Amino acid sequence: MVHINVLADALKSVNNAEKRGKCQFLIRLCSKVIIRFLTVMMKNGYTVKSEITDYHRAGKIVSLIGLN
């Protein structure tokens, strides 16, 4: 399956994690745009802290603290 919009996939992962009550989720294709978007969310107060863990495998695990 081809990923047309990687940012939309990442935001869907954030939304699904929030609905399930989890603060960690996996982003398969993590680009600079997604990292910048998460920092903007943190600066505007939507999240308290975001931590991106890269294990150099298929994706990156993102931990969000303080989801609204």
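User: What makes up the largest nonpolar core?

Analyst: In this predicted model, the largest nonpolar core has 10 residues: A10, V14, A17, F25, I27, I34, L38, M41, V62 and L64. At least two residues of this core come from each of α1, β1 (24-27), α2 (32-43) and β3. The word "core" applies because such residues must be buried and joined through side-chain atoms within 4.5 Å. In soluble globular proteins, nonpolar side chains tend to be buried together.

User: What does F25 touch?

Analyst: Skipping residues up to four places away in sequence, F25 touches A10, S13, V14, A17, K60, I61, V62 and L64.

User: Why is S63 called buried?

Analyst: S63 has a relative accessible area of 13%, and buried means under 20%, so S63 gets the label. Across the chain, buried residues make up 24% of the 68 residues.

User: What makes the link between S63 and Q24 a polar contact?

Analyst: Their side chains are joined at 3.2 Å. Leaving out neighbours within four places in sequence, S63 is in contact with C23, Q24, K49, S50 and E51.

User: Where does S63 sit, and how do you know that β2 and β3 pair?

Analyst: S63 lies in strand β3 (residues 60-65). Pairing takes at least two bridges, and strand β2 (residues 49-54) and β3 have 6, in the antiparallel sense, so they qualify. S63 in β3 is the bridge partner of E51. The two strands form a hairpin with 5 residues between them, and H56 in the turn has a positive phi of about 60°.

User: What is the overall pattern of the chain?

Analyst: There are 2 helices and 3 strands, and along the sequence they read α-β-α-β-β.

User: How do you know that the chain agrees with a compact globule?

Analyst: For 68 residues, a compact globule would have a radius of gyration near 11 Å, and the chain has 11 Å, so the two agree. Its C-alpha trace spans about 30 × 25 × 25 Å along the principal axes.

User: Where is confidence lowest, and where is it highest?

Analyst: Confidence is lowest in β3, with a mean of 78, and highest in helix α1 (residues 6-20), at 87. For the chain, the mean pLDDT is 81, and 93% of its residues reach 70 or more. Where pLDDT is low, the predicted coordinates should not be read in detail.

Technical notes
Residues are numbered from 1 along each chain as its sequence is written. This is a predicted model: local features need pLDDT of at least 70, side-chain atom pairs count only at pLDDT 80 or more; totals for chains, interfaces and linings use all residues. Side-chain values use heavy atoms; hydrogens and water are left out. Helices (H or I, at least four residues) and strands (E, at least two) are DSSP runs, numbered from the N terminus. Buried means under 20% relative accessible area, exposed over 50%, partly exposed in between (1.4 Å probe, protein chains only). A polar contact is a pair of N or O atoms within 3.5 Å; within protein, one must be able to donate a hydrogen and the other to accept it, and residues adjacent in sequence count only if both atoms are side-chain atoms. Contact means heavy atoms within 4.5 Å. pLDDT is the predictor's confidence in each residue, from 0 to 100. The radius of gyration is taken over C-alpha atoms; the globule rule is 2.2 Å times the number of residues to the power 0.38.
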